[in-house]
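Dear colleague,

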Amino acid sequence: MRAAGLPFHATAMPSLRDPDSRFSLVSRALVMPVAAIDALGQIVRFRPNVCCTTGGLVSLPIVLAARVARVPVYIWEGNAIPGRVNRLLAGWSQRIGATFEGSLRSFPSARTTLSGNPIRRSLLRWTRESGRETLGIPPDERVVFVTGGSQGSAAINAAVSSALPRLLRRAIVIHHTGSTHQAQAEAKRGTLDADLRERYRVHGFLREEMGAALASADLIIGRASSSSIAEPLAFGVPLLLVPFAAAADAHQSANARDVAEKGAALVLPESQLDPDRLVALVTGLLQDPPRLARMAAAARAAGRPDAATAIAREIRALGGCA
């Protein structure tokens, strides 16, 4: 926040890492009054027009303070299954922005809009042509982009590593491994035949080139977090989703089902992830261009590249700033 030039203040309220722990719940309850008073002081000093939050327990004292100060509240929910705190806060909020249609049933319909997940503008400037030119990929090559998020996914990385020779005979593979997994992937790359080695592009972490990789891809393999889904959909790229099995309330599985029901994704549960099944699914899609094209059209239809603008418009209107 400070790097972006925005003022930042941390309240005393910690996040809830273990919702089933009685000690965690009691300790957070004890901190709540202190955090709420602190938040109220900040609101009085800053005098905001709107309180905008993505929810979670850490936001509870802030929303309480905002309502005491008669500041309207906007909640943005990124998952198909809202958390318990967000379902509670929805009753105190004037407007709610949802990302997945599946979450709409959890919120008051009159105050909820399907806004989508905001995507940074620098990603959206990339096109298929500019992305492939930057990454040195011929226009007629098939490209599979594998990403487990910013930190990478050990499960996805392991399956891809074992499947690499078969995958690389069918497509160039851009692999966003996460920084901690990069050395292992580079070592695997070194064992490949020379003709396949050039088709395997390893990146520990992608910054602006993330947009180039997304725009260049014919298929993306990844997790099913809100942003992991929203970014490919904004580029109209089909997805093969491997939901994180330990995600709270199985929300990644619900996110993945929402997109699969729209025809933009296939879902491979983590419990079923292995090299053979991964290759079979990827090959089945790459060798069926009409099906891949239908999924791409469904992805474009489901994508919301203007989500950030839509959310900003809602917030400004709520605060009387429109």
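Predicted model: local features only at pLDDT ≥ 70, side-chain atom pairs only at ≥ 80, totals over all residues.

Residues are numbered from 1 along each chain as its sequence is written, and side-chain values use heavy atoms, with hydrogens and water left out.

The protein chain has 14 helices and 10 strands, these being DSSP runs numbered from the N terminus (helices H or I, at least four residues; strands E, at least two). A compact globule of 322 residues would have a radius of gyration near 20 Å, and the 22 Å of the protein chain agrees with that; the radius is taken over C-alpha atoms, and the globule rule is 2.2 Å times the number of residues to the power 0.38. Of the 322 residues, 47% count as buried, where buried means under 20% relative accessible area (1.4 Å probe, protein chains only).

The largest nonpolar core has 35 residues, and those with the most contacts inside it are Phe145, Ile229, Leu239 and Val259. Such a core is a set of buried Ala, Val, Leu, Ile, Met, Phe, Trp, Tyr and Cys residues joined through side-chain atoms within 4.5 Å. Its largest share, 5 residues, comes from α9. Leu239 touches, among others, Leu219, Ile220, Val259 and Met295, not counting residues up to four places away in sequence, with contact meaning heavy atoms within 4.5 Å. A second, separate core of 30 residues includes Ile221, Leu268, Leu273 and Leu278.

Helix α9 (residues 209-216) also packs against helix α5 (residues 128-135), at an angle of about 115° and with the axes 8 Å apart; the axes are lines fitted to C-alpha atoms over the stretch in contact, and angles run from 0 to 180 degrees between N-to-C directions. The contact is made by Arg128, Gly131, Arg132 and Leu135 of α5 together with Ala212, Ala213, Ala215 and Ser216 of α9.

Lastly, Ser103 is found in the loop between β3 (95-98) and β4 (112-114). Ser103 is buried, with a relative accessible area of 0%, and it touches Asn79, Ala80, Pro82 and Ala98, again not counting residues up to four places away in sequence.

With best wishes

Definitions and conventions: Buried < 20%, exposed > 50% of the residue type's maximum accessible area, 1.4 Å probe, protein only.
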